[in-house]
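Thanks for coming, everyone. Please have the sequence and the model open while I talk. I'll walk through sheets, cores and salt bridges.

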Amino acid sequence: MNLFFYYVNTINMKKIILSILLLLPFSINAIEKIKINNEDLSPYFDNKIKKYNYFTNEDEININVRSSKDEIISGNGIFELKDKESTFIVSSDKYGDFIITVFKNYRETKNKGELLSLDIEGYNLNYNKDVHEYDLNILDEENLNITYELNNENTDVKVIGNGNFNNTKNVIKIVLDNEEEYTINVFKSQKVSKVENTVSKTKTMSYAKKEIVKYIIITISCTLIFFFYKLVFISKTTLNVLPNTLRK
């Protein structure tokens, strides 16, 4: 009798345990990872996400799937890329289909780099991002202290030609991401020529002044001489006339 009750209780216990297990939430261990050419997809793989992108410059891809035990998978393997955009489907009997769009020779876009400001220490460039060429007259610097501000810190900036300036036209180029380009034409002043020009100009002005003063002196001298001789002539005439008048 006791054996019978023991047997019944054992069966009931198994049913209770089975019922509890069925009520407990658990996940099916399905596809663990999908990679192409041993690289991650975008976004990173999660078996709850069904659509992915992949970018490549290769002519073929290798879709590698790491699946769980007893899971039936299709859509993996090596495939040739014939179009710039191709769609591949990896199927799982437990989790359904995963759609992967592959872009060939695709350049992933990023925010275009912009030069928000451009300054040169000691000079006013009057920068405008829509103006791509500037002229700048400098003194005797060997190079310029150029500073700038970007809208995107990941922008690649190259400053070319800043230094070893000659006495004619020098060109500085500022290139953003190997695409957009700004040009600064730098003209170096020649101090020697400026000094010489100033000296020659000063000499010319001094000579002109001397000529004017000389002319004034000559004019005054001639005038004085003229009045002197006139005065002498009048005096003589007066002296000659006066005796004749007295005689009469």
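Start with S2 and strand S7, residues 96-104. These two pair in the parallel sense over six bridges. Pairing here requires that DSSP finds at least two bridges between the two strands. Strands are DSSP runs of E, at least two residues long, numbered from the N terminus. In this pairing, lysine 51 stands opposite isoleucine 99 in S7.

A word on the source. This is a predicted model, where local features need pLDDT of at least 70 and side-chain atom pairs count only at pLDDT 80 or more, while totals for chains, interfaces and linings use all residues. Residues are numbered from 1 along each chain as its sequence is written, and side-chain values use heavy atoms, with hydrogens and water left out.

Back to the sheet. S2 and S7 belong to an open sheet of four strands. Its order is S2-S7-S6-S4, and the pairing is mixed. The edges are strand S2 (51-56) and strand S4 (73-74), and each pairs on one side only.

Now look inside that sheet, at strand S6, residues 85-92. Serine 86 lies there. Is serine 86 buried or exposed? Serine 86 counts as buried, because its relative accessibility is 13%. The cut-offs: buried is under 20% relative accessible area, exposed is over 50%, and partly exposed is in between, using a 1.4 Å probe and protein chains only. What does serine 86 touch, beyond its neighbours within four places in sequence? Its contacts are Leu81, Ile100, Thr101 and Val102. Contact means heavy atoms within 4.5 Å.

Next sheet. S3 and S5 run antiparallel and are joined by four bridges. There, isoleucine 63 stands opposite glycine 77 in S5.

Six bridges join S9 to S13, and the two run parallel. Asparagine 137 has phenylalanine 187 in S13 as its bridge partner. S9 also has two faces. Tyr134, Leu136 and Ile138 form the covered face. Glu133, Asp135 and Asn137 form the uncovered one.

On to the cores. In soluble globular proteins, nonpolar side chains tend to be buried together. A nonpolar core here is a set of buried Ala, Val, Leu, Ile, Met, Phe, Trp, Tyr and Cys residues joined through side-chain atoms within 4.5 Å. The largest one has 18 residues. Which of them touch the most other members? Leu118, Leu144, Ile174 and Ile184 do. Strand S8 (115-120), strand S9 (133-138), strand S12 (169-176) and strand S13 (180-188) each give two or more residues to this core. A second, separate core has 16 residues, including Ile34, Ile36, Phe88 and Ile100.

Take a closer look at leucine 144. Leaving out residues up to four places away in sequence, leucine 144 touches Ile120, Tyr123, Leu136, Ile138, Asn162, Phe165, Ile172 and Val186.

Last topic: charges. How many salt bridges does the structure hold? Six. The rule is a side-chain nitrogen of Lys or Arg within 4 Å of a carboxyl oxygen of Asp or Glu.

First example: lysine 33 with aspartate 40, closest N and O atoms 3.7 Å apart. Lysine 33 is partly exposed at 23%. Aspartate 40 is also partly exposed, at 32%.

Next, lysine 104 with aspartate 59, where the closest N and O atoms are 3.1 Å apart. Lysine 104 sits in strand S7 and aspartate 59 in the loop between S2 and strand S3 (60-66), so the pair ties together parts 45 residues apart in sequence. Lysine 104 is buried at 15%, whereas aspartate 59 is exposed at 51%.

Then aspartate 140 with lysine 188, closest N and O atoms 3.5 Å apart. Aspartate 140 lies in the loop between S9 and strand S10 (146-150) and lysine 188 in strand S13, so this pair ties together parts 48 residues apart in sequence. Aspartate 140 is partly exposed at 47%, while lysine 188 is buried at 10%. Asp140, Glu142 and Lys188 are linked in a network of salt bridges.
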